Amino acid sequence: MGRVFAFFLAAIPISLSVIGVKLIRDSLFQIIYWPFALPWQQAIVGIVLFLFGLSFIGGFIYHRDKKRNKVTKRRFTRR
């Protein structure tokens, strides 16, 4: 049951990212949808949706790897 819930929870930001890519693509081809008056408005909303979905999925993967001790500390040394 938990895996099904996690799948549906992950499907929401993934679908938002897909919608964002579609809005960006359509604004490049000058296809304007109803709530937007100009192509650049549609492109900005598409970029925001894409970045939100990407950051949510990236944060989820980082949190999961950190919980399982798969994230190492970075050591920057000067030579």
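Lys 22 and Asp 26 sit four residues apart in helix α1, about one turn of the helix. Helices here are DSSP runs (H or I, at least four residues), numbered from the N terminus. The model is predicted, so local features need pLDDT of at least 70 and side-chain atom pairs count only at pLDDT 80 or more, while totals for chains, interfaces and linings use all residues. Residues are numbered from 1 along each chain as its sequence is written, and side-chain values use heavy atoms, with hydrogens and water left out.

Start with the charges. Side chains of opposite charge can pair when their charged atoms come close. In a salt bridge, a side-chain nitrogen of Lys or Arg lies within 4 Å of a carboxyl oxygen of Asp or Glu. How many does a search of the whole structure find? It finds three salt bridges.

Lys 22 forms one with Asp 26, and the closest N and O atoms are 2.7 Å apart. Asp 26 also meets Arg 25 in a salt bridge, at 3.3 Å from N to O.

Is Asp 26 buried or exposed? Asp 26 counts as buried because its relative accessibility is 3%. Buried means under 20% relative accessible area, exposed means over 50%, and partly exposed lies in between (1.4 Å probe, protein chains only). Lys 22 is partly exposed at 36%. Arg 25 is partly exposed at 44%.

Another salt bridge joins the side chains of Arg 64 and Asp 65, at 3.7 Å from N to O. Arg 64 has 33% relative accessibility, so Arg 64 counts as partly exposed. Asp 65 is partly exposed too, at 22%.

Now move to helix α2, where Gln 42 is found. Gln 42 is buried because its relative accessibility is 0%. The Gln 42 side chain reaches the backbone oxygen of Ile 31 at 3.1 Å. Beyond its neighbours within four places in sequence, Gln 42 is in contact (heavy atoms within 4.5 Å) with residues including Asp 26, Ile 31 and Tyr 33.

Tyr 33 lies in the loop between α1 (2-28) and α2 (39-67). Tyr 33 is partly exposed, with a relative accessible area of 34%.

Notes
Helix = DSSP H or I, 4+ residues; strand = E, 2+ residues; numbered from the N terminus. Polar contact = N/O pair within 3.5 Å; in protein donor to acceptor, adjacent residues only side chain to side chain.
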